[in-house]
Amino acid sequence: MPTPPPDASAPGISLPDADALLRLIDEVIRELQPGTSRRASLDSTLDRELGLDSLSRVELLARIERRFALRLPTEVLAGAETPRELLRAMTQAARSPTRPPHTLGGTTVAHRAAVDDEASSAAPQSMTADATPPLPESAATLVEVLEWHVARHPDRTHVRFLVDDDHAETLSCGQLHEAAKRFAGALVALGVRPGDCVALMLPSGLDFFRCFFGILFAGAVPVPMYPPARPNQIEEHLRRQAGILRNCEARVLITFDRVRPLARMLAGLVPTLAHVSTPDALAGAGSTPLPPQPLRSAALGLIQYTSGSTGDPKGVALSHANLLANIRAWGRAAALGPQDVCVSWLPLYHDMGLIGTWLGSLYHGCTLVLMSPLDFLARPERWLWAIHQYRGTVTAAPNFAFELCVKRLIDAELEGLDLSSWRLAANGAEPVNPDTLARFAAAFGRYGLDAHSLIPVYGLAECAVGLCVPPPGRGVVVDRVRRASVRLGGQVQHATEAADTGDSVALANATNAAGTAGTAKAPDAARTPDGVNTTDAADTLRLVSCGPALPGHELRVVDAEGRPLPERTVGAVEFRGPSATAGYYRNPTATAALIRDGWLATGDHGYLADGELYLTGRAKEMIIRAGRNLYPYDLEQAVGELPGVRKGCVAVFGTHAPGETDERLVVVAETRARDAHTRATLEAQISATAMDQLGLAPDVIVLAPPHAVLKTSSGKIRRAAIRDAYRAGTLGAPSRATWLQVLRLQLASLAGRARRAVVALPSRLQAAWAWSAFMLLAPIATLAILTLPRLEQRWTVCHRLARLHARLSGCPLRVEGIDHLPATGCVLVANHASYIDGLVLAAALPQPVRFVAKAELRDSRVLRPLFERMGAHFVRRFDPGHGVEDADTLAAGAGTGAPLLFFAEGTFSARPGLQAFRLGAFQAAARQGLPVVPVALAGTRAVLPDGSWQPRPGPLGVTLCAPLAPDGEDWHDLLALRDAVRADILAHCGEDDATQR
């Protein structure tokens, strides 16, 4: 478990020393990796996160000794894993001035343990009292955020999941970290590689958190998906999810036991889906060591698909930098900190629940108290009692949640409920109704709720989650405007003369005038919640302010040509800022429509007033009727209040009839009424309501049965899908029996598997032929290696057999620059992309070379004698203590015998891209004064990618570049030589620079 920070008051330790050490490490990193954004923290791992290999550490320790005038023991090279441990060793060295020079500062394991215990006992337990910075401001990824908290308070409760009224499960930062590492190893064992997508179809619970970070620790990208809601929609649900899985090319789907048998059917619909697993299965599976490839801030941290994704899924690609920028900006705007407690029931597959509540709580050190969305819907009082019990300070929820609390709890007995701790209640994710907030404030004010805590917010997945937030504690600001003036390009006009002098007022200051809580709608002549008397409600819209853009973000309103509009003019809302996505994942068409001149379209219409945003409606839901721009929300709400109509189950949309330019206004309302007279009366009431609201009668009124109005997983009305069903004549049609839906899915899955098998048959046959040729030639090569007396003879046989195998496998080999290869006295450095790289080099090079191979091969009783007979040298790649020793051995042998050949990347993955180079090869060459020959391999990753044992035919290329002579053995000379060699290989390997992603 990571140790806590050192006590700044302890002798020999001071924060300036720590700062100086971190600056020194950053200096080395910048020299080693020019252009990198990496910055060291006290708890960064030297190898995995900062990219410092054993030789780089040698240089670092040398600089530490010079800079701080002390001598560190050699054990520090192998034992120190973080700058914090280096700092402890420096402190110990400074405290022991009487020790002999070569042991000054030396520590034993027991001594280090004692130091750890001392630091642990001295470290304050409260985050707010911690001497370290209160927030992980230097973290570049979500993984670094978690590790920052684990290093400081591993036992602090991070999530408290309320299973039921009497049972809660807790998860600390340390437990999350430990479980995530275990899940990551299991995913790597399943073949998940950095950059792969892994889908999460899990309900709310602690397993979601463990799996999410497990995916990140594996270097992969989480793709949250919502579980099936109702059995009668299972076919539609899984077909929609199959579209998402195909788009992101997910390799693994993590789901739960109840859904797993159904989810397996997706394998036949998604070609890339190799495994469907569960958290329990992953927890009990074998684990594979994680790749030593630190995540970068530009790497994808999440793909958030819109809940209505169908045939053309739009997955918002969010990098770690996007997510952290939004979390930090929201935290500054809302004044979040470790003292806050977030209470939420929001589903974790939705951006507000996932990013806004959970990841935001993680970053800011808040405790997250979480319950299932179903628990809230069944008993909304649990939400309020959880705020009471755990002294919740921050929540977020859609408008319907506040309305549900008023509707269900207005007459409930809530004696003893105390909501005085609740300082910020964000209302977002759907249109905000000022009446709802007024009723909520009036209903729960008697329980200590401060009405000023209620704030409308605005955001969208394309901006991670949040874009606008009002100042906390201000309350709700309402703008009363003339309905007819709210049109595209129109100047929004105040509704009355009274409003002209104070059109935007704090709703919270007038809650006493809100009338009886729970009243559906105030009479036309009544005083509305914003305190303004209105006698023409039909011509009045009340729009709430969503506040200004988050810090560091910008908003503008533009016309159809993208020209900015003045304030109080309705147009298309656009934004830009550090949270903005780079586009939709593998959907260039949708991305092109999203981004224009660096600004992103929100898809919403609205206007700015005093720099704050007022929304008027969704662009795609606007209805053009009789030359007017109409939005469906107010009419839907008003119709939903009619007796006999299911509230919240009304959809209003426009549709074109053949030969007509105007759209027809269609109202779909769910009802259980069957009597003809009752239904006729209801239709008349809907028509009258539309006349009151819009001054227009609907062209079509559809009284539909329950569940005909389709909704997303978060409860939003799917107007486009309802319109399609209306046009197709299937609106309200009874659902197929569940067994029939499952059967249809099973048949579709089997058909998909059969098609994949047919398509894959030629490649499988080709792979079988390539393996057969290898098995035929390998015994001949083995016999030659073990019996021929001279290395040159063994190499000649292997060279000819390797070239023959390339021809038999359909892999034409192109070799260029062979004249650059000296007979002796050089070091070869090659890129590493596949397990066949050694075979290809044997086919390309006519004279012997000695491979520098990983030490793991020395443990194989079969392979070790073959490698040793071919002159191979073994090195321990990830062992800092022996890394320097191996480098010395290689340097001593580089000038004798056949040239040494290094794979300078050290390892490879399925993802294309040239990784960073280690320094061992260049030090060996510099010490012996030998030239370095860059060797660029091309095509091997495509022929046999990592994670696959099915070779495929394809062209192979080997390019030997001109030798480069080292200028010296100095640290900067080695870096210059490394960079020159890497540049030559990058120019010929056919792949991009992975370090610049």
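**Reading a patch and a sheet**

Author: Let us begin with one residue of this predicted model. Tyrosine 835 lies in the loop that connects strand S28 (827-830) with helix H25 (837-844).

Reader: Is tyrosine 835 to be counted as buried, partly exposed or exposed, and why?

Author: The class follows from relative accessibility, where the partly exposed range lies between under 20% for buried and over 50% for exposed. Tyrosine 835 has a value of 46%, and therefore counts as partly exposed.

Reader: Which residues form the nonpolar patch on the surface?

Author: The patch consists of Trp771, Phe774, Met775, Tyr835, Leu839 and Trp949, which together have about 650 Å² of accessible area. Helix H23 (residues 738-787) gives the most to this patch, namely three residues.

Reader: Turning to the sheet, what is the order of its strands?

Author: In general, strands of a sheet pair through backbone hydrogen bonds, in either a parallel or an antiparallel manner. Here an open sheet of three strands has the order S24-S25-S26, and its pairing is mixed. Strand S24 (645-656) and strand S26 (700-704) stand at the edges; each has a single partner strand, so one side of each lacks a neighbour in the sheet. From one strand to the next, the twist averages 20°.

Reader: How many bridges join S24 to strand S25?

Author: There are eight bridges between S24 and strand S25 (residues 663-671), and the two run antiparallel. Within this pairing, valine 650 stands opposite alanine 669 in S25.

Reader: Which helix packs on the sheet?

Author: Helix H22 (residues 719-728) does, touching S24, S25 and S26. The direction of helix H22 makes about 70° with that of S24.

Technical notes: Residues numbered from 1 in each chain as written. Predicted model: local features only at pLDDT ≥ 70, side-chain atom pairs only at ≥ 80, totals over all residues. Heavy atoms only, no water. Patch = residues over 30% accessible without salt bridge, like charges linked within 9 Å, V, L, I, M, F, W, Y side chains within 5 Å. Areas by Shrake-Rupley, 256 points an atom, 1.4 Å probe, with all protein chains shown as cover. Salt bridge = Lys/Arg side-chain N within 4 Å of Asp/Glu carboxyl O. Helix = DSSP H or I, 4+ residues; strand = E, 2+ residues; numbered from the N terminus. Buried < 20%, exposed > 50% of the residue type's maximum accessible area, 1.4 Å probe, protein only. Pairing = 2+ DSSP bridges. Axes fitted to C-alpha atoms, helices over the stretch in contact; angles between N-to-C directions. Contact = heavy atoms within 4.5 Å.
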